[in-house]
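Please read the following points alongside the structure, taking them one at a time.

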Amino acid sequence: MGMSKGFEIVITSDRTMMSNHHGKEFLGFMATGPAIGIPERLWMWLAAPKLKVDKLGRPVEAPYGLRKVEAVLQNAGFNAAVIDPDHIHKHLDTMKVLMVGHHDFFAYGPPSCEWWMMTGKEPVNRVSFRRFMNSPAVREAKRRGVKIIMGGPAAWQWLWALEEWRRWGVDCVIDGEAELVVTDVVEKALNGEPLPDYIYVGPADSPSINEIPVINAASVNGLVEIMRGCPRGCKFCSVTLRPLRFLPLEHILKEIEVNVRNGVKNAILHSEDVLLYNADGVKPRPEPLIKLHEAVMKAMPGSLSWAHASLAAIKYAEDKHRLISKLMNEYILPRQEFLGVEVGIETGSVRLAKIIMPAKSAPYPPEKWPEVVEDAFRIMHENKIIPAATVILGLPEEKPDDIVATLELIDRLKPYRSLIVPMFFVPMGALKNRDWFRRYGLKQEHVEVLMTMLDHSLKWAEELMSKFYMSETMLAPVRMGIKLFLAFVRRNLYRIRPALEAMASGQVEEVESPLPATASSSGCGCRVSANMDGRNSK
Amino acid sequence: MRSKSGLRLEENSKEVILVVCGPIGNADRLASEVGLAVARERLRRALIKVVSPMGSPNYMEVVRTVIHNNIGITMSVRFMGRTTDDLRRVVKSSINPAAFIAGNCPEYERVLIESGIKYLVVDGGD
């Protein structure tokens, strides 16, 4: 492997990605916003502290997607490794290929662009990525002829960043599941052969289960994939376009073992819908889920999180099999106080749900969607599952009545412990040729929804900080920093509504547009991406 | 240990020659025509060879619509050069390609006519 000489292929990302966020995945969301109320250095320390590295600059933990690419290349015999962005200079003499993955290179995705739109300030992930690409080490690598390959769930953003593409000399962009592509591309790069500018990997070239390798070193916060793809077919989502595959339990346990062996004691089960692991269509089955949780809790000594779960699956699993209470009471809560998960509400409008996500409520009919959401929130509250829920504003065909229905639903969710965050519509999945939601599309009804969500999330965030989250003594300074931030937002609440209302009535000057003219003639536009390297799947 | 194959995903691909003369107002149609050309042959991969006086990566201003509107096809997009000579080379090295011209550039069109390649012009005017 030429360990002492350095690596030929360096896989990396900027600091906002290459961090374990103090072991608290939710804190990673701060890395998608601008520094608010505190200096940027302090914000970055709260959101994305540096990781421990060995003398070659290899981090103890790294984003899961980068670990997959590393495993594919190492298993194929390449001299490749994930290197911390502050240490790539150590490999300048040997590096021939620099591979950079990201979940949001330019802050065009949510929630970065919501932060950007609301505050008018560039999110730190964008600032940090630009700083990395302009760093002396990257510039020197390029000067020496190193090939630069970009990838990850935000690969599409390069299509709208041509100036940066040219300026930084990007040689190739890989968009999609990379397992079957990456060795060929790297080999061409090492042989000095011309690379394609852009590769989009379609569903037919997605790897089969046997072609997905086990990671060779630890992933951030112990994230391990349990399945890929999703059967629900929501029109705004790209994951649903990929074939559905379940990773075998042995594969999952091997990855947890790699994490534990490397000092990462916790696990995050990653899937677009954890409860659909080996399910009967969209109906969760008790047996595989119990087996999974039993084995995972035995395999690691720390705590467990779920990356995503659908609200319909939560309701069905509990109503039909009492499965949520069983999993929580028998396997999870004996070891931890709560379980975190991301869920999607997206809309409270039955009309809109029927158009854009007719199977999101399945096995219940779309007419029952608001009821499914409310029931699932109640079930989660009763079982100490704390969801971070998303609501999409500006969906195609959205009408004021739809926004009001969403507002009414969020109002009914008030009693349930949760964070609810807005996302502006971005063209993905079957809707990917539609237009971005823009700042000038903000309506008065949106302002009401945004304020209701902010109020809800602030109330519960304060409660979570005092009772559940970051109770560890060593995290006291971080807890204090977050509390200061929440207090700052609380103090400034009275200024937010008028600012949003001015935006809705078109009375504010435009902020710098996150997207170039053709994609965003004015205002903010963002796009959701979920795949193996996202914040939602880091 | 290392694989000695080329880009696997460029094998069994429909070859598409795409001349991008400049920004066009009808990129959606271009996207749909390219998609159709691949689908007609029941292939799921496209190797898109771009010749454009706009240079790389500026030609992406047009081609990104083709990529963005696509869901099911694996695409490898390669920039092959700026000039009519580059286009001649691309034509020679391509097997049964579909060809498209985005915008208006008669000199490139002449190369395709001389080579006997059938092509479709998509520009902002149609």
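1. A residue is called buried when its relative accessible area is under 20%, exposed when that area is over 50%, and partly exposed in between. With this in mind, B:Arg29, whose relative accessible area is 28%, is partly exposed, whereas B:Glu33, at 17% relative accessibility, counts as buried. Please keep in mind throughout that this is a predicted model.

2. B:Arg29 and B:Glu33 form a salt bridge, in which the closest N and O atoms are 3.5 Å apart. Both belong to helix H1 (residues 27-40) of chain B, and because they are 4 residues apart there, about one helical turn separates them.

3. How many salt bridges does a search of the whole structure find over all chains? The search finds 45.

4. In chain A, a salt bridge joins A:Arg15 to A:Asp86, with the closest N and O atoms 2.9 Å apart. A:Arg15 lies in the loop between strand S1 (9-12) and helix H1 (40-47) of chain A, while A:Asp86 lies in the loop between strand S2 (80-82) and strand S3 (97-101) of that chain, so the pair ties together parts that are 71 residues apart in sequence. A:Arg15 is buried, with a relative accessible area of 10%, but A:Asp86, at 35%, is partly exposed.

5. A:Arg245 forms a salt bridge with A:Glu177, and here the closest N and O atoms are 2.8 Å apart. Since A:Arg245 lies in strand S9 (residues 245-246) of chain A and A:Glu177 in the loop between strand S5 (172-175) and helix H7 (182-190), the pair ties together parts that are 68 residues apart in sequence. Both A:Arg245 and A:Glu177 are buried, and they belong to a network of salt bridges that also links A:Glu179, A:Glu225 and A:Arg228.

6. Turning to the strands, 11 of them form an open sheet with mixed pairing, in the order S2(A)-S1(A)-S3(A)-S4(A)-S5(A)-S6(A)-S3(B)-S2(B)-S1(B)-S4(B)-S5(B). The edge strands, each of which pairs on one side only, are S2 of chain A and strand S5 (119-122) of chain B.

7. Strand S4 (residues 98-102) of chain B pairs with S5(B) in the parallel sense over 4 bridges, and B:Ala99 stands opposite B:Tyr119 in S5(B). Helix H2 (residues 60-69) of chain B lies across several strands, including strand S6 (198-200) of chain A and strand S3 (74-81) of chain B, and runs at about 160° to S3(B).

Methods. Residues numbered from 1 in each chain as written. Chains lettered and ligands numbered in written order. Predicted model: local features only at pLDDT ≥ 70, side-chain atom pairs only at ≥ 80, totals over all residues. Heavy atoms only, no water. Salt bridge = Lys/Arg side-chain N within 4 Å of Asp/Glu carboxyl O. Helix = DSSP H or I, 4+ residues; strand = E, 2+ residues; numbered from the N terminus. Buried < 20%, exposed > 50% of the residue type's maximum accessible area, 1.4 Å probe, protein only. Pairing = 2+ DSSP bridges. Contact = heavy atoms within 4.5 Å. Axes fitted to C-alpha atoms, helices over the stretch in contact; angles between N-to-C directions.
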